[in-house]
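Please walk through this fold one step at a time. Keep the model on screen while you read.

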Amino acid sequence: MSATATAVQTPLTSLPAWKALQAHYEKVHSLHLRDLFRNDPQRGTRLTVEAEGIYFDYSKHRITDETLRLLLDLARQSGLHERIEAMFTGEKINVTEKRAVLHTALRAPRGEVIKVDGENVVPAVHEVLDRMTDFSNRVRSGAWKGFTGKRIRNVINIGIGGSDLGPVMAYEALRYYSQRDLTFRFVSNIDGTAFAEATSDLDPEETMFIISSKTFTTLETMTNAQTARDWSLRKLKDERAVAKHFVAVSTNEKEVTKFGIDTANMFEFWDWVGGRYSMDSAIGLSTMLAIGPENFRAMLAGFRAIDEHFRHTPFEKNLPVLMGLLTVWYTDFFGAETVAVLPYEQFLRRFPAYLQQLTMESNGKHVTLAGERVNYATGPIFWGEAGTNGQHSFYQLIHQGTRLIPCDFTGFSKTLHPLGEDHDLLMANVFAQGEALAFGKTAEEVKAEGTPDWLVPHRVFEGNRPTSTFLLDELTPASLGKLVALYEHSVFTQGVIWQIDSFDQWGVELGKVLAKKIVGELEGSGPAPGSHDTSTTTLIERYRKARG
């Protein structure tokens, strides 16, 4: 393991920049955005960055030039540049699992050389991409036939976590570019309702399942896979049909073969790709089937553009670095606990849910790389909704509630569905919400409108609520790749500052272990005395009694 991955770091709170930020916060936390803009007429154009087709306006944040300077100092003192290079060059920076972190290799060009344990991994990436391309072309053209000779018209992706959230988000985001004579559905929840509803109107003769599980042992995924197998064979009758209606995204050739899937239709990905970073690997097979290989590669090019920007751009103009540092500023100095993700694009309605796993599974950690308990906040809660729906749901709390909630607004200059003035109205709301959150409305302004004194307090907007605005030209496969990569590298930046491992996820394991134990007790003779707390034991017994 490299020296970069294991070097002993100065504790975060002992870094000079951290101490300077603490003192600085005391001076600036009460400053209002009204005053910051009034005193700096160029602020709205100066605190912006334009790169790779993304216009990033961070002027409506509660920062000064000194704040920015100190945050950039914190990044440098935290070794961010060195950690970026360590990731891109394949060092094993996932220290608890002793793995490289190379989702960036998934979008590297063919000629790139990125080595893990002395082996260049890029040729293997492109070999899988080429196989995915050939397979997708056959299914999309109708050349691939089901067991009875009928064309495949329905594709169901079965996975969970990163094997589901990425593909479903990408399909919803890029549905405009999808082949509309194919139906795509996604099953992740172990609840039988999910599978039953996904297949209720489908014909097994025309349906293909993608089973996405690296180990081919994931409980939820393999339970649903077996249900899918049984559902298919009830009509197809012949075990040989499995090879025509099931493909696997996995590395476990033995289990894939045992299931009945032809290993020629097994698409590999690697242990240096974390599940929540895998949507551009073979896990994205359903995405490629939907939008076609050319559009899929355009999405990869979008990822790659931000990878290069993140790796080579000076921090003061580096989009993900600035995003990550702003998140640290609010999380650790203002005590903000959440970030609202507010895409003003209906196709991105699943984007907040996707980011929940990317951000919270990555940085929801309470110990440092050295195993020491942190004494500062990490991993804010990410949540959100597509605009303008959220405005009629939770914006009340953002505007006039007691919690500080930084907001990320994303909008597009062009719409894929131009209908009258709809898009102008949509984008007017993006700009209006950012303005209202920043500047609010004072009691004097409310009174000047003729509001009775008793009503004035209810109509005051304090403002000073921080927002970022991302403006892109149009939602395309490339722009989706860019947006996802922005957040990937922002998460990495935060994790480096917090000195945590953003690429393991031990916190999901305990519940899985206990569930495996309890499912046997639900189906067998019940829990042994003293094997659980009294609450869990009682719940198990009540469930068993109700089930008879």
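Start with G411, which stands opposite L471 in β13. This pair belongs to a predicted model. Strand β12 covers residues 407–412 and strand β13 covers residues 467–472. They pair in the parallel sense, over 6 bridges.

Now widen the view to the sheet around these two strands. The sheet is open and has 6 strands. Read across it, and the order is β1-β2-β13-β12-β10-β11. The pairing is mixed. Which strands lie at the edges? They are β1 (48–51) and β11, and each of these pairs on one side only. From one strand to the next, the twist averages 15°.

Helix α15 does, and it touches β1, β2 (54–57) and β13. The direction of α15 makes about 30° with that of β2. Helix α18, residues 422–439, also packs on the sheet. It touches β12 and β13. The direction of α18 makes about 155° with that of β12.

Move to strands β10 and β11. Strand β10 holds residues 338–343, and strand β11 holds residues 381–384. How many bridges join them? There are 4, and the pairing is parallel. One place to look is V339, whose bridge partner in β11 is F382. How does the chain get from β10 to β11? It crosses through helix α16, residues 351–363. This β-α-β crossover is right-handed.

Go back to helix α15, and look at its helix neighbours. Two packed helices are described by the angle between their axes and the distance between the axes. Take helix α2 (residues 16–28) and helix α15 (residues 319–334). Their axes come within 11 Å and cross at roughly 75°. Angles of 65 to 115 degrees count as roughly perpendicular, so α2 and α15 are roughly perpendicular to each other. From α2, the contact uses W18, L21, Q22, H24, Y25 and V28. From α15 come W329, D332, F333 and F334. By class, the residues in this contact of α2 with α15 are 7 nonpolar, 2 polar and 1 charged.

Helix α14, residues 293–312, also meets α15. Here the axes come within 7 Å and cross at roughly 70°. The pair α14 and α15 is therefore roughly perpendicular too. I306, H309 and F310 of α14 make the contact with L319, P320 and V321 of α15. This contact of α14 with α15 has 5 nonpolar residues, 1 polar and no charged ones.

Finish with some details of the backbone. Most residues other than glycine have a negative phi, and most peptide bonds are trans. D117 has a positive phi, near 55°. It sits in the loop between β3 (115–116) and β4 (119–120). Is D117 buried or exposed? Its relative accessible area is 67%, so D117 is exposed. Q499 also has a positive phi, near 60°. Look for Q499 in the loop between α21 (477–498) and α22 (509–523). With a relative accessible area of 8%, Q499 is buried. Then there is the peptide bond from G387 to T388. This bond is cis, with omega near 10°. T388 lies in the loop between β11 and α17 (395–400).

Definitions and conventions
Residues are numbered from 1 along each chain as its sequence is written. This is a predicted model: local features need pLDDT of at least 70, side-chain atom pairs count only at pLDDT 80 or more; totals for chains, interfaces and linings use all residues. Side-chain values use heavy atoms; hydrogens and water are left out. Axes are lines fitted to C-alpha atoms, for helices over the stretch in contact, and angles run from 0 to 180 degrees between N-to-C directions. Angles under 35 degrees count as roughly parallel, over 145 as roughly antiparallel, 65 to 115 as roughly perpendicular and the rest as oblique. Contact means heavy atoms within 4.5 Å. Ala, Val, Leu, Ile, Met, Phe, Trp, Tyr, Cys and Pro count as nonpolar, Asp, Glu, Lys and Arg as charged, and the others, Gly among them, as polar. Two strands pair if DSSP finds at least two bridges between them. A crossover is right-handed if, with the strands pointing away from the viewer, the path from the first strand over the helix to the second runs clockwise. Buried means under 20% relative accessible area, exposed over 50%, partly exposed in between (1.4 Å probe, protein chains only).
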